[in-house]
Protein chains: 2
Amino acid sequence: MQDVADRVGVSKATVSLVFRKAPGVGDKTREDVLRAADDLGYRMNRAAALMTARRSHLLGVSAQISNSFHAEIVENIVTEADLVGYEVVLGAVTPTHGEERVIETLIDFRCEGMLLIGPELPGTSISNLGNRLPTVVIGRRVGVGSTDVVRSNDGRGIAGVVDHLVELGHENVVHVAAGRGVIAGDRRRGFEQAMRRHGFGTEGAVLDAGDFTEEAGMEAARSLLESELPTAVVCANDRLAVGVLEVLRRKGVDIPGEVSVTGYDDSILARMGNVDLTTVSQQPAEQARQAIQAVVSRLDRGRTDRVSKTLTPEIVVRKTTAAPRAGRHSGQARGG
Amino acid sequence: MQDVADRVGVSKATVSLVFRKAPGVGDKTREDVLRAADDLGYRMNRAAALMTARRSHLLGVSAQISNSFHAEIVENIVTEADLVGYEVVLGAVTPTHGEERVIETLIDFRCEGMLLIGPELPGTSISNLGNRLPTVVIGRRVGVGSTDVVRSNDGRGIAGVVDHLVELGHENVVHVAAGRGVIAGDRRRGFEQAMRRHGFGTEGAVLDAGDFTEEAGMEAARSLLESELPTAVVCANDRLAVGVLEVLRRKGVDIPGEVSVTGYDDSILARMGNVDLTTVSQQPAEQARQAIQAVVSRLDRGRTDRVSKTLTPEIVVRKTTAAPRAGRHSGQARGG
DNA sequence: CCGGTCTACTAAACCGGTCTAGTTCGGCTA
DNA sequence: TAGCCGAACTAGACCGGTTTAGTAGACCGG
């Protein structure tokens, strides 16, 4: 830096100003400095800059990258951060490298704000972090503290699916739930409320598969086959739906002719040509945008009140839903 | 740091030594310092340390995290890096955030070594980078330069599949290739060589689907159905295989009864309950281990010669391969 | 022509560590 | 007992920026 300054005949401070695009430098000087830096192949040393500077313009992101939904959000976060002049430091949460560890590392890098994607930390830990630096939790509810939250309204997402099915004429709809977790609960309640709103009972309309996996879905489908089939099955996520689809199709059930099936997440799974599942998008791009907005408004515009943004998910209609086959009561006499 | 030093009655330098776990500090002093630091809630400032220290013990990793194979390797890299005392800075390559950009950022973070997962950069750029700092390319061949490379031998992987099929008794095997890229080419050649080794001709045994997608696989399957079906289909990757499976099953072809189908990558796709594909694992864990070994041996043990490690992939036998149905020539008179 | 204000620029302190070149001191050898 | 050595520890320079407090000169109204 001193070399660059000497070459142009100015001080280190001026060079610093130029590189930070700060005001107070004449046009000519600015150009000269940039040219000299280029000639000398000079690049700023971020570590040194980080040391004294008030701002680092760094955002920490913690994610389970093996989860494709997380990965998708991360991609969008990187893009959005670019636009508002922040750099992203990504911390990978793995079975051997827990969230606390990742977050500590990110803090050590002098990140100014933190974005946690689907954190599994207790609410109090998240709240503590939020007190240290601006933090946004993505995709999960947080009860305690004043941490910002951006997520998608699971209840309304499922409700949208139910509306879609009812509109097609379905009356006999079953929900394949995924156990007792927060997310599974939200979706189940969403289903029940939507059904009641349309004047249908929910007695016996929920089948708990217990988990978010394909296997659980297959099991659920087998149990559905034991009695008369509903005309539509609303699954708590795409993986369950894929399991249900597999078993039903193997039994020769026409999808969507006899039974409509829906998923949730709009994962790659759902988009695959041979699945082509009607599902619900959690809008990762939009969640990323909102999260960046939240953290930047705290950082750059001094916002202090809590933001809790709940997006309305969008139904994505593909090829596993259709009007129920008129007058046909399915479920019997099917080949095995 | 000065506060901690004062509290114990030693100098800053000693505190620094303690925190770097450097030798030359008495046991009692060490304990005192750690206790004092704990009391005062002191943590080392990495930015400051980075500035002067010769070593940063930071490794840069560039990956396309939306690719689940990349993500899997990253996870393993993080784990391995932990073991050898390095920290990983992960840079996400996205459509809007190219590899050059990511690499520059990683360099700015003062990474000592660089791991590039499936880079799409020209060989010369990679070679240049390799001259600046220890670099390992994972999963791809690099012609020029002396950069270390860790990858999986695609030719042998496919050969393993062919061996498996021949062992089961297959003689009429077709390869669904994926166009003209480096990887597709390696796999195609691997297939042809293996077939010849077993004394089979390769005339007409390769069907180029042109791409690595499900759609291309479906197209290839349709074209296979136009004439007599082979008893086994070796696909260039899992996605192609999934497409092939889908079309054949819809036509009522029994898999693996009439036709065996194989993939490549052992992706989640292949592991899914309703696919359960015989495929080839590229051993992401092992590739990660070797890559870390390579970079660490350069960094810590001063290795300078080029390392090019080619792993032998492992076949994963699942439920889409079986012995051909004796005496039956399939492919005719099937409903549709 | 004078004080006041702005803009462009600078010298030097400073950030929080690490590194170099010592100093001290107990123990061992000759 | 002198001489030497290694281990434990330290003062102060140093890393490469940023920031503070301030200077020089242009412009401006009165």
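Okay, a definition to start: I call a residue near a molecule or strand if its C-beta atom, placed from the backbone, lies within 6 Å of it. This is a predicted model, where local features need pLDDT of at least 70, side-chain atom pairs count only at pLDDT 80 or more, and totals for chains, interfaces and linings use all residues. Residues are numbered from 1 along each chain as its sequence is written, with chains lettered from A and ligands numbered from 1 in the order in which they are written.

So, DNA strand C. It has 25 residues around it, and the closest are Val10(A), Ser11(A), Gly26(A), Met1(B) and Ser16(B). Split by class, that surface is 12 nonpolar, 9 polar and 4 charged; here Ala, Val, Leu, Ile, Met, Phe, Trp, Tyr, Cys and Pro are nonpolar, Asp, Glu, Lys and Arg charged, and the others, Gly among them, polar. Helix 2 (12-19) and helix 4 (46-52) of chain A, plus helix 2 (12-19) and helix 4 of chain B, each supply at least two residues. Helices are DSSP runs (H or I, at least four residues), numbered from the N terminus.

Staying with helix 2 of chain A: it packs on helix 3 (residues 27-40) of chain A at about 90 degrees, axes 10 Å apart. Axes are lines fitted to C-alpha atoms over the stretch in contact, and angles run from 0 to 180 degrees between N-to-C directions.

Last, the chains: 35 residues from chain B meet 35 from chain A, contact being C-beta atoms, placed from the backbone, within 7 Å. On the chain B side, helix 5 gives the most, 8 residues.

Notes
Two residues are in contact if their C-beta atoms, placed from the backbone, lie within 7 Å.
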